[in-house]
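I opened a new notebook page for this one.

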Amino acid sequence: MQFAPASKAAGLREVDAPQSLVAHFGADTPLKMDAGVSLSPVTIAYQTYGELNADKSNAILVCHALTGDQHVANQHPITGKPGWWHTMVGPNRPIDTNRYFVIAPNVVGGCMGTTGPASLNPATGRPYGLDLPIVTIKDMVFAQAMLIDRLGIATLFCVAGGSMGGMQVLQWVASFPERVFAAMPIATAARHSSQNIAFHEVGRQAVMADPDWRQGRYLEEGVIPTKGLAVARMAAHITYLSDGVLQSKFGRKLQDRSAPTFSFDADFQIENYLRQQGTSFVDRFDANSYLYVTRACDYFDLAADYGGSLAFAFKGAKTRFCVVSFNSDWLYPTQASRAIVHALNAGGASVSFVDIETDRGHDAFLLDTPEFIATSRGFLDAAARARGIAPVKNRAI
Amino acid sequence: MAVVKAKRARAIPARVDLLLVADMVEAKSRVLDVGCGDGTLLRLLAEEKGVDARGIELSQRGVNDCVAKGLSVIQGDADTDLADYPDNAFDYVILSQTLQATRQPRTVLEHMLRIGRHAIVSFPNFGHWRIRLQVAFGGRMPMTPNLSCSWYDTPNIHFCTIQDFVALVREIDARIERGVALDRFGAPLAYGEPWIWNFFGEQGVFRLTHKR
């Protein structure tokens, strides 16, 4: 083949050769997608932490958010940063890897080793690009279920995730209620609001307006729409933070200068910060992937599959829920979580709900937010007792 | 979210009150405790009576305590969140020492009877002789060891007497199934005459149901 593979074109080496475990699903196990087509082969890249116990009752599936990945609690292979949920997952963390077996897959449509638009399409020998069928949250979850089957796990002790990860949690319970003992949908919504779709559309248009996007065929042409993708990230990043935290962190402070330059330089610290967020993002994320995962969220409307009533989606579910929202999150506001709680109550499900007070906005679920950590720990410990998962033994040193 | 902020008037040593309420609940039933605090009553009901125990609690700390006990508790408020519950979802809906702190006591009570087959309500009795004496002769808003907030910072905005409560029950077409008045130490009063309760009871505990 004459084109440069993705790994050479960008910091996307993980697409073809992830530093993770991989599960391959061939023609005999295609992924039947919402778009009405079957996808095969499918590769799922995933990380695991801890050990599966003898009766396979201690598995926790962690679902990642929009631009997250499987590197939940280990150093990231591209950025070198700690895992995105190291505050929650690890030894003696709420998702205690001394006690639980944690499985963290990269979603379908992603770019960290699971089949996505940057992966090679075996039918053409070229990257899929926009030839990959549109991926939905349900598709992501069904692919995860294939992985869980492959690992021989009948019932997950818990499925947990924030934001887009929380949507997957909700979908898991709706699609496989008997396979989920406990569920933690965090800072999420049962459907994307008009405002949510609007912000995503701005991001996608920014990517597609970049001349280097080349109708999605940039990898074959050896270019990357870095400018468009960076702008998309900048816009999105604002939605992850609250007005209050921006004001207290940056205010109107100037960047390395004492007066405005009367130019379009990044005079303000916030401008500089967003530009950095944008440029660092393009090193680790594929532009087409960004289109696919944002689209997956936009199409998410769990109630729509159940006659318009969210309560029916959870009817009869025996799963115990812990729903968490953050009061300064305006992307997936408290009200969106309350709607989930309302539906769960209407369906008679066992549900706990906390609205955590914080000024950190949507991103609070990724940060070391003490009340959130405490809630999660309490919920999981109690659920583990109910499930009969042995507590961690005090090991002799 | 307004009203029930933080300090609710826990009127008597908790155990007696809770045991009395628990005594009014059938085993193996479905219970919603509105304003469940740290989940003491819910846990008691779950462990002693095998009930399916759910709660609503305003404070984050309370919710966390409950969740850690394995209870299903929702952070919320009696005034705003009861409306979201479907009809007949529970056998018992409990409101303990909170009625007087709600914005709309009548609506809250109506919701409780809609959501549950029975409602159990405990509240401080403003008709108690000590309180009457303070208003009549002290000329100031009453304060007692169990109701120790000043008029300007009390969360209790809708005090009533036992007789007021009984009248409200009649008004919303409900029926008192069981009732008991407690003295200041939480011991049940010997005489069942309503005027005696209203005068000597520091609080009332009632179990209500719909009038058929």
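**Where the chains touch**

I checked the contact first: 23 residues come from chain A and 15 residues from chain B. I'm keeping in mind that this is a predicted model.

Next I asked myself which parts of chain A supply its side of the contact. I found strand E13 (320-326), helix H11 (334-346), strand E14 (350-356) and helix H12 (370-387), each giving at least two residues. The largest share is from H12(A), with nine residues.

**The core**

I looked up the largest nonpolar core and got 169 residues. Among those with the most contacts inside it are A:Ile60, A:Leu156, A:Cys158 and A:Ala183. Where does this core lie relative to domain 1 and domain 2 of chain A? It lies between them, because domain 1 (6-192 + 301-387) and domain 2 (197-294) both give residues to it.

Setting aside neighbours within four places in sequence, A:Cys158 is in contact with A:Ile60, A:Phe181, A:Ala182, A:Ala183, A:Met184, A:Leu380 and A:Ala383.

**Two crossing helices**

Last, I went to helix H2 (residues 137-150) and helix H3 (residues 164-175) of chain A. Their axes come within 9 Å and cross at roughly 70°, which means H2(A) is roughly perpendicular to H3(A). I noted the crossing as right-handed.

Which residues make this contact? From H2(A) I wrote down A:Ile137, A:Lys138, A:Met140 and A:Val141. From H3(A) I listed A:Met167, A:Gln168, A:Gln171, A:Trp172 and A:Ser175.

Terms used: Residues are numbered from 1 along each chain as its sequence is written. Chains are lettered from A and ligands numbered from 1 in the order in which they are written. This is a predicted model: local features need pLDDT of at least 70, side-chain atom pairs count only at pLDDT 80 or more; totals for chains, interfaces and linings use all residues. A nonpolar core is a set of buried Ala, Val, Leu, Ile, Met, Phe, Trp, Tyr and Cys residues joined through C-beta atoms within 7 Å. A residue is buried if 20 or more other C-beta atoms lie within 10 Å of its own, exposed if 12 or fewer, and partly exposed in between; C-beta atoms are placed from the backbone. Domain bounds come from an automatic or database domain assignment. Two residues are in contact if their C-beta atoms, placed from the backbone, lie within 7 Å. Axes are lines fitted to C-alpha atoms, for helices over the stretch in contact, and angles run from 0 to 180 degrees between N-to-C directions. Helices (H or I, at least four residues) and strands (E, at least two) are DSSP runs, numbered from the N terminus. Angles under 35 degrees count as roughly parallel, over 145 as roughly antiparallel, 65 to 115 as roughly perpendicular and the rest as oblique. A crossing is left-handed if the near helix is turned anticlockwise from the far one by less than a right angle, and right-handed if clockwise.
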